[in-house]
Structures are given as C-alpha cells and as structure tokens.
Amino acid sequence: MIKTVSKPKTSSYDAIIIGGGHNGLVCAAYLAKAGKSVLVVEKRPLVGGAAVSEEIVPGFTFSTFSYVVSLFRPHIIRQLDLVKHGLQIIPMETTYNPIPGDRGLVRWADSERTRDEIARFSQRDASLYSEFGLAMGRLSRFAKNIIDTTAPEPASLNPKELFKLFKMARLFKDFDGKLRYLNVKLMTMSAVDFLQEWFESEPLLPAMAGSGIIGTFLGIRSPGTAYVLLHHYMGEIDGAFRAWGFSKGGTGQISLACAKAALSFGAEIITDAAVDHIDIKKGRASGIVLENGDDIRAGTVISGLDPNRTFLKMVGEHELPDDFVTQIKRYKNRGSSGKVNLALSRLPNFKDGRPGHHHLKGDITIAPSIDYVERAYDEAKYGAFSRRPFLNIVIPSLSDPSVAPPGKHVLSAFVQYAPYNLKEGADKWPEQRDAFGNAVIDTIEECAPDIRDCIIHKQVISPWDIEKMTGLTEGNIFQGELSLEQLAFLRPVAEWSRYRTPIHKLWMCGSGTHPGGGLMGAPGELAAKTMLTEGGV
Amino acid sequence: MPKKSPFHQRTSQFCQSMNWKDWAGYYAVVSYDTHHEQEYFAYRHAAGLMDVTPLFKYEVTGPDALRLLSRIMAKDISKVKQSQVTYCCWCDDDGKVLDDGTVTCLSQDHYRVTSAEPVLHWFHQNARSLKVTIEDSTSRFGILALQGPLSREILTHAAGGDIASLGYFRLIDCSIDKRKVTITRTGYTGDLGYEIWCENKDALAVYDAVMESGKNYQLLPAGLAALDVARVEAGFILNGVDYFSANHCVINSRKSTPFELNLGWSVNLDRDSFIGQQALKKEKKEGSLWQFVGLEYDWDAYESIFAKFDLPPQTPAGAWRTAVPVYGRNGKQIGQATSGAWSPTLKKNLALASIRTGHFTMGDTLQIEVTAEYERKRCPVKVCKPMFFNPDRKRN
C-alpha cells in the first residue's frame, strides 16, 4: 500500500495528471524522473483506475476489473525499476476450454501435450498449431514496433514522419509474400474467418477467436476482430510473445508499483480528489478545479481519462473546434463487458475427468462453439446481456496463494457481452445486475455443477458499474474500442494521435491514445516522452 | 546405476516428465513437469518440496568432535551453539577450498556435517589422536527441503512443534505424523525455507504429511532445475560449477580460496590452528588473485545484439553452467562467468563470475560473451555483489 493524502502540498505544478490509472502513474513517473514537479489527482481512495486490487471480503483480494497482465511494456518495467517497487509477475501456463460432459481442451506450455489435446478434435489442426503460433509471433514483432513508438502520421511530409513510415515499410518488406498477405488479412478479416484459414475444429476455433472480441462490441464473425486477436498475441513476458501472467497480490500491485516509482522520483499523488473541470483560459489549459472547489495551477494539464470524459466533461464543448467535438462524439466506447468476481470456499469441480487442478491454473475460456459466441453477441446487438455469455475465467489463487485464505480461492470471470446500453436504458443496469450475475453463474455451473456450493461472496460488475466506479465512459475497458478505425494515427481521432489536444498545454496519456488499452503502460510512457521532447511540459 | 532415495516411491510417482539426473549416486528429479517454471514460481510464491537426500551426511561424535571440526573448518565451530547450524567451507593446507557445506551442533559431543562430496577420508586423516567417531550417515536419513514464502505455514500445520519461532539457521526436534524429525531453517533457494531430516523408515509418511499440509498452500514437488535458478538469484556457489574442489584440480590455477569465492566472511583466522590457516592469513594480508562477483546484463544492449539478426532476445530457459569469458575495459579476458540464469522474479539476466582482482571495481561495466545466431558477441554487464535476491523473510 502507499500512503496518499487528498490535499496537494503546493498550489502549482509543472504538470498535473488527471486520473491515477496505470497510464497516468507511468506518465507521472517519467515526467518526475525528468525533474518535473508532478501531481497526480485520483478521484477514488486508491490509485490504479481499472487496474486495482481490492479486499472485498476479508482475506480475499479481487482484481476488480483488469485481471491478467501481458502487454505491459518490459522496457517500462526496467526504466522505472518496477521490480524494486514490488512488481512480480507469475506466468499462466495453461488455457483451458471446458465443454460440458467432456474433457474439454487444454493448451499446455508443453507443445507436444497441446498437440495431443488438439488432435482429439482434429489431427490436421494439431499439426498446424505451432506453425500458426510462429506466424503470429512474426506478425507480433511487426506490431511491437508500432506499439513501442508514437503512431506514424501518414498525412505529414515532415522528414521524421516519412522516415518512420519508411522504417515500417522496410519491416513490412522483410516479410515474405505469404506473411504480407497474412498481415493484410489480419487487418481486415473477422477472427473466425482468419482462423478458419488455418483451423477447422471446435472448440479450438472459438477458443482462439475469443480473444478477438474482448473489449469490443463486435462478434467473432465481425470483420476487424482478427486484429484484436493479434493485440492479445503480442503480449510479451521476458521476451516471449503470447505470455500471460498474474500480478502477485492482484492487478492493483502493478499500479502500486507505478505509483511507488512515481513517488520515488518526487511526484505527488492525491486520492479522494475528484476533478470538476479543467481550467482553460484563452485556449490554454492552466490548471484544474476539484469538486471540492480547490484550484490547482499547472504549466501543463494531462488527462489520463478517456477522450469522451476529457473533452466533453472536463473541458467542455464550447472550448473546442466543432469538427473535433463531432469526432470525439463519434469515437466508439460501447462498453460490452462485465465482470463477476467470486470468493470461493473451495475449488469448484469441473466435471471433466481430469486429475488435479493444474489445468485450472491459467485462463479458462467458456466458448464451446463458434455459434455459442456469435449467439451471445446476437443478444447484445439488441440491447440485452448474453444469457449464455463468453467467459474468460481465472483463479489466480492457484498460482498466487496470497490473494485468498489457505484452501480458499478467488475466481474472476470476464463476461461478454454486457452492453452498456441496455434496450431499457443504461440506468436499468442496477435492476438487471442480479440476473446478469446469475446468467454468468448458470453458465459456469454447466461446466462446474457445484460452483454455487463454493460461493462465499459474489461481486457483479456491469459496464454501468465500471463507468460509475472508474469513470470509463460506457464502461469500455480500453477507453474506446480497439477497432482499426480507432487505432494508431486514428486514436483517438485523426490528427490528434500524438497526445496533444486542440487546447494548448492540455495533453492526453490514457488508453484512449496510441497504442491503446490492455494494461500496457505504453500510452503513459509515450505521452511523457513526447511531451519532454516537444516542450509540452 | 543410481540409488533410490527413501522418498523415491513418491518422487517417481509425481515425476511425470521422467526428467532425472544422477546426483551423488542418487536418482534426483530435474523437473517434475516438462518445464521447471511452475516449480520455480512455487519456490518464490508458495513453496516447493525437494528431495535433498543425496547430500553427504556425517555424524561426528565423541569428546573431541568440536576439536576435529575446528581443525578442519575455516570457520570457528566453537562459536556454534547447540541447535545451531552454520554454513562453512574447508580447505587444504594451501588454503584452497575442498568443499562447502553445513555443520550442525546437535550436542557438545555430536555434530553433523553435510557436504557436496565425500569427506570421510579427509576427516579421518585429520582425526588421528582425537577421541572422535565419524560415521557416514548419508544412507541413514532422508532429507526434504521445503522452501518458499509459505513453507512456515505448511510446516506449522504439518509438524508438532514451535516452527513459527524457529530462527534462521536454527534447529528443532519435533514430529511429523508422529515420526521423529529434525527441522533446520536452512536451504539453498535464498528464501524462507526449512530442511526436514527423518529416518529412512519414516520417509514416506513424512513426505505424505508435508504434501497433505501443503495442499491448501499450492505446495509443489520441485526439482533441481528450479532450484538452480533460485540459487543463482541468491548468489550461492556450487561445487563443481562455480569452483572446483582442490582435490579434483589437475592444475593449481584452477583451485580457489574462500576469499576468492566471497566466503571470507566465513573464515575465522585468529584462533587455534586450522588447516590452511597460514596460507589464508598470508592471502588476507597480500590480497586475493580473484574475486567472486555477480554480473547483471545490460538488457538494452543484449536485446540489440539479437535485434541485429532480427531476433527477439533469447533468454536462457533455465540456469546455465557452461562458463563464458568476461572481458575487461581493454578488451582482454579478465575472468569467467561460471553460471547464470534469467531471473523471472527480478526480470534481469544474471551471472556469477570469477574476475581477476585489480581489473575492476564494484559497479564497473565489463563485457560478457554472448552467442547470437551462432556468432560470438560481447554484451556489457554491471559488476555487483553476488546476491541478487535477498528477501527479508529469509531471516525474519
């Protein structure tokens, strides 16, 4: 834990960062490291935004929202010395897809064993699986180049920008023909269509396609979802792509490590301090006003909030050019997922005939067939949560016993779809929350019939709750969908992809900027580095 | 053919990978799973249970037991109190290390020694005219190492005895499943941990009881591969890898002294004579030829070596033991890294190395050989103390 106060030490800073999410904290750490006086302002009592751990029931630590880590940039860990500040990542080794009444499919760290598992459904798929992994690995390295630098600006004639595009083109050129086509396909196809070019069997197809829909309001057959697939493939731990892990003590420990790093460089953090608005004078941001009326001045104001909240609530339409406002309004948030966190008295029994619980240590995806996942989307399209949703479940206490009392467990279920905009209206979520939670538990029950007997406590979080708790507009976990038209030089909107805004001295550093969400820390880092090199702060 | 330890029936049941090696004449599990990662993370976040029976064990008894050990060990064993364990090394007349291990004081006339190599002959040779009996008890006891942050909870659950107040490098006699055991708070992972000694006949019952107690704490049987990564993080030397017993060296230059292995802290020079004392006193005065250090790879440089081949950085999958050259500022070789590992906990590439004195100071940047795409390259490494991982819980 870190000790924070709700009052700043002074009334003026080089930079004020609104929002103590992981990106805000990373940004603060880099700016403070460069010698700037920095204040981070967080409305909740704890830092982390959507990357928090909370002891909801005594002894049980829930990673309330974000629950696994993969994309967090390794160089940020090194540059901010996050290990020294407490960051510990425990890798997840398995991916399990239960099927009611069957052994299901487990993909292990051991590739031979995985091949045997897949061969039960398709010999052909089994023989292709590692080849696919290699191709995605090669594409990931192309993508890594994009996420580790500021977005290229294709409309610019600035030699620096042209060089960047040239560099990317050269990387692309290094691909052999097949891989180049694959890249184009990845950018345009649906997750299922893309995967069907390789594989034929269920449950492998829906199991793999599942990561293509996470955080989007799209189905696995919707074009564009193949890219999101890659976004989940390029996570890297210790140089290995497609590695996922748990943060010891819950996801909030990542935020705490970032906060400790920021504090160690001299940044200040205040909590329980909600910002009312950004003070703008003559088109220039000059400070912030808290909800309690406190006025704090800043050379630069940086928003870690999502674009919608930043511009339409903190700045105000009247301060902004019309076309910019229109674009921000068009920016798609469309929260589509919820979370069910359970405290369990014991491990539920997945009736799969598999001995032990080794196969439950990684993630457990409930997506038994393509139609199942597409059907879940059908309901969401018309404003209802899925009765049988796509679930991504983890039981982190199996790898990190510190998050639950001995013998007991925490289970985190990421649920899709839970549309923010119910057809009865988003504000009807409190009435539907219970039914939503029950649908999730019913779904788990089909694979683990005794789940209800194990539940000590249940926390059900709808996208409406996510918005209420974290401020994320429409509860979108990525601060805006990771669809192609909202990525790279188009994130959040064209011409404003470099963390700048139409307001002088107002910058952005959240997941709503390039390269997007997913607990990467990259937007915070790139924003800080851009500001420092371009005289933004 | 290697022997089977008294725990073999269980370890072989859990060792699905069939990945064994010969450790001092015993079958020893390298990793229970095909990869040791889970076992490593059990050591660091829960607990791992390892069969360390192959350690050589000796019971030194009789009125002159202390005299013998004080004569052999570079450390002053008279300072070791009853129920205390100490880590030490012993040398030949030239002050060159023969082996390292532990000495436990069970009573004034009963000490127990563990070592990596057989020492019976050396002990007998130095016991002439002393009233002392030396028994090789290696095959009489089974030893389990229970290591990791939750080892205390597990053992408290399993053993009848005050485990919670058992101090670092202390011993307690108690029982597990009504079998007599001796528990020491020692280990080779650099973390909180214990070693459990039991009679062979009780071995399986003790093993089962510990595993049962560990069920709620994610205890895993763990093997040598995971241990090797942990010991590199902790900076613990290994006989036959980071140094060679003077007994086995064909050339003198290969021998090492305690000071050269960073074991100077375990040498008590000013006392009654002990083997190697004169040579060590001289070395203390004149300085050592070598220093044992830790090396941390410069990751950005490491990454760029591989990037030149359009490859992602390749970290070793486990600990490595094939020595590689270390170069000084002038580009000349000034030493060798003898073991190393990627530390998944510290997120650093680490190595343990012997470097010639006078060619560096702590904090300096040296170069280490790295092979990328079959080509030998040099990567900058920072010199530091050989202890990368040292959590408070280890001692507290």
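Predicted model: local features only at pLDDT ≥ 70, side-chain atom pairs only at ≥ 80, totals over all residues.
User: Which residues touch the most other members of the largest nonpolar core?

Analyst: A:Phe194 is one of them, along with A:Phe132, A:Met136, A:Phe199 and A:Leu411, in a core of 94 residues. Helix α4 of chain A, residues 123–147, is the biggest contributor, giving 11 residues to this core. There's also a second, separate core of 83 residues, whose members include A:Ile2, A:Val47, A:Ala261 and B:Phe141.

User: What makes a residue such as A:Ile2 a member of a nonpolar core?

Analyst: A core member has to be buried, of a nonpolar kind such as Ile, and joined to others through side-chain atoms within 4.5 Å. A:Ile2 is listed in the second core, so it passes those tests. As a general point, nonpolar side chains tend to be buried together in soluble globular proteins.

User: Why is the pair A:Arg44 and A:Glu54 called a salt bridge?

Analyst: The cut-off is 4 Å from a side-chain nitrogen of Lys or Arg to a carboxyl oxygen of Asp or Glu. A:Arg44 and A:Glu54 come to 2.8 Å, N to O, so the pair qualifies. A:Arg44 sits in the loop between β2 (38–41) and β3 (53–57) of chain A while A:Glu54 is in strand β3, so the bridge ties together parts 10 residues apart in sequence.

User: What makes A:Asp279, A:Lys281, A:Asp295 and A:Arg297 one network?

Analyst: Their salt bridges share partners. Take A:Arg297: its side chain meets A:Asp279 at 2.9 Å, N to O, and A:Asp295 at 2.5 Å, N to O. Each of those values is within 4 Å, so each pair is a salt bridge. A:Asp279 lies in strand β12 (residues 275–281) and A:Arg297 in strand β14 (residues 295–303) of chain A, so that pair links parts 18 residues apart in sequence. Over all chains, the structure holds 46 salt bridges.

User: Why is A:Asp279 called buried, and A:Arg297 partly exposed?

Analyst: Partly exposed runs between the 20% limit for buried and the 50% limit for exposed. A:Asp279 is at 14%, so it's buried. A:Arg297 is at 25%, so it lands in the partly exposed band, and A:Asp295, at 43%, does too.

User: How many residues of chain B are in contact with chain A?

Analyst: 25 residues of chain B contact 25 residues of chain A. About 2300 Å² is buried between the chains, with carbon and sulfur atoms giving 49% of that area. B:His45, B:Gln218 and B:Lys347 supply 29% of what chain B buries there, more than any other three residues.

User: How do you know that A:Arg78 and B:Glu303 meet in a salt bridge?

Analyst: The N to O distance is 3.6 Å, which is within 4 Å, so the pair counts. There are two salt bridges between chain B and chain A. On the side of chain B that touches chain A, α2 (37–45) and α9 (299–307) of chain B each supply at least two residues. The largest share, five residues, comes from α2(B).

User: What makes the peptide bond from A:His514 to A:Pro515 stand out?

Analyst: It's cis, with omega near 0°. Most peptide bonds are trans. A:Pro515 is in the loop between β20 and α17 (522–533) of chain A. A:Leu519 is also found in the loop between β20 and α17, and its phi is near 55°, a positive value in a residue other than glycine. A:Leu519 has 5% relative accessibility, under the 20% limit, so it's buried. Another cis peptide bond joins A:Arg491 and A:Pro492, with omega about -5°.

Note on methods: Residues numbered from 1 in each chain as written. Chains lettered and ligands numbered in written order. Heavy atoms only, no water. Contact = heavy atoms within 4.5 Å. Buried area = accessible area lost by both parts, 1.4 Å probe. Helix = DSSP H or I, 4+ residues; strand = E, 2+ residues; numbered from the N terminus. Buried < 20%, exposed > 50% of the residue type's maximum accessible area, 1.4 Å probe, protein only.
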